[in-house]
Amino acid sequence: MLVLGFESSCDETGVAMVETQGTGVPVLLSHALYSQIEMHQAFGGVVPELASRDHIRRVLPLTQEVLAGAGKSLQEVDVVAFTRGPGLAGALLVGAGVACAMAAALGKPVLGVHHLEGHLLSPFLSADPPEFPFVALLVSGGHTQLMRVDGVGRYELLGETIDDAAGEAFDKSAKLMGLAYPGGPLLARMAEKGNPKAYALPRPLLHSGNLDFSFAGLKTAVLVQSQKMVAAAGVPTFEALPEQARWDLAASTQAAIVDVLVKKSLTALKNSGLSRLVVAGGVGANRELRAQLNAECAKRKVRVHYPEMHLCTDNGAMIAMAAAMRLQSGLQQATQSYAFDVKPR
Ligand code: KG4
Ligand code: ZN
């Protein structure tokens, strides 16, 4: 079965083709991705209307690229999948509209997929896919969740953020440091040269006894700390501070976020008695998070699985994969009802 998948929930247009093979893990045949980040950078964040319009511009050329890459024709596609939500309503409507129109024209069924399920199952696209059951740490720009995963569609939420997501904490702190949107990867790069112990920043809910997260207070603490540094140095802005001071604050910020993510993941593993951890979502690309999880999990004989680096952030491959796995598990049927809707929240 050939599944063509579309992702358009935010600022990345992704298209991919996955093939199911019996009961084995489906195989990625081809995928193409266009990131709008540069276009939004001038505005310091994603502009929804611009995002929708750009998805329209990119989606068909990307589809042609994917078909050529897979060596398949559109007529060979068995199911068309798309991200149904969560995300920006207008952006989601582009992917949903294209997917349903294409499926209707081909007389093939469609399937709407939850964006987070795409992230969650994205490690199955790697050469070394995980086995169920596992604990999942889902860390994206919009979500921070710990889950127990017993199989496709069998998800138990163990804890989540009560305010900002981990990616948001990275991005908002980076913005305070004068970095471009999305600042997470840029802050991480600065942090490589800094001292993570230079500034004591809060680790909210670290000892709360549950698996919930809170990152809103960290952003405030970073703001206060940066203002202190600027005043003490007698410079006009944070960017005017000596390099080392800026690197140190970046490293301290990253350490605070990573520390909480690692400790809570270890608690979730301990409580569940499971010995496999899957990390997914954009923040899963963070090298410090990976290094610390690898070290701590090795001590506990826990195996950690990540998506491949380039599939941590939004992409079409994870959507085609999630659709293929849902169909394969018999959990969901694709339908030939083309009256689509999207679920922004
Ligand atoms: O999963 P994703 O592409 O989009 C959502 O579904 O939200 O995640 C994007 C988030 C952004 O907040 C971005 O700053 C963050 O992932 N991110 C990183 C890194 N790469 C991406 N955060 C920290 N370190 C990174 N290397
Ligand atoms: Zn995402």
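Two residues are taken to be in contact if their C-beta atoms, placed from the backbone, lie within 7 Å. The structure is a predicted model, in which local features need pLDDT of at least 70, side-chain atom pairs count only at pLDDT 80 or more, and totals for chains, interfaces and linings use all residues. Residues are numbered from 1 along each chain as its sequence is written, while chains are lettered from A and ligands numbered from 1 in the order in which they are written.

An unreviewed UniProt entry assigns the feature "binding site" to His115, His119 and Asp314. These residues span 200 residues in sequence, yet no two of their C-alpha atoms are more than 8.7 Å apart, so they gather at one spot. UniProt positions follow the numbering used here, feature names are shortened, and annotations may be inferred rather than shown by experiment.

Both histidines belong to helix 4, which covers residues 115-121. Helices are DSSP runs (H or I, at least four residues), numbered from the N terminus. His119 is buried, with 30 other C-beta atoms within 10 Å. His115 is also buried, with 24. A residue counts as buried if 20 or more other C-beta atoms, placed from the backbone, lie within 10 Å of its own. Beyond four places in sequence, His119 touches Leu138, Ser140, Ala280, Gly281 and Met318. With the corresponding neighbours left aside, His115 contacts Ser9, Thr83, Gly85, Pro86 and Gly87.

Ligand 1 has 18 residues around it, and Gly141, Gly167, Gly184, Gly282 and Thr313 come nearest. A residue is near a molecule if its C-beta atom, placed from the backbone, lies within 6 Å of it. Helix 5 (166-176) and helix 6 (184-191) are the elements that give two or more residues to this shell. The shell has six nonpolar, 10 polar and two charged residues. Here Ala, Val, Leu, Ile, Met, Phe, Trp, Tyr, Cys and Pro count as nonpolar, Asp, Glu, Lys and Arg as charged, and the others, Gly among them, as polar. Domain 1 (2-122 + 312-328) and domain 2 (131-306) both contribute residues to the shell, so ligand 1 lies between them. The domain bounds come from an automatic or database assignment.

The largest nonpolar core holds 103 residues, of which Ala81, Ala320, Met321 and Ala323 touch the most other members. Such a core is a set of buried Ala, Val, Leu, Ile, Met, Phe, Trp, Tyr and Cys residues joined through C-beta atoms within 7 Å. Helix 8 (residues 243-272) provides its largest share, 11 residues. Domains 1 and 2 both give residues to this core, so it lies between them.

Terms used. A residue is buried if 20 or more other C-beta atoms lie within 10 Å of its own, exposed if 12 or fewer, and partly exposed in between; C-beta atoms are placed from the backbone.
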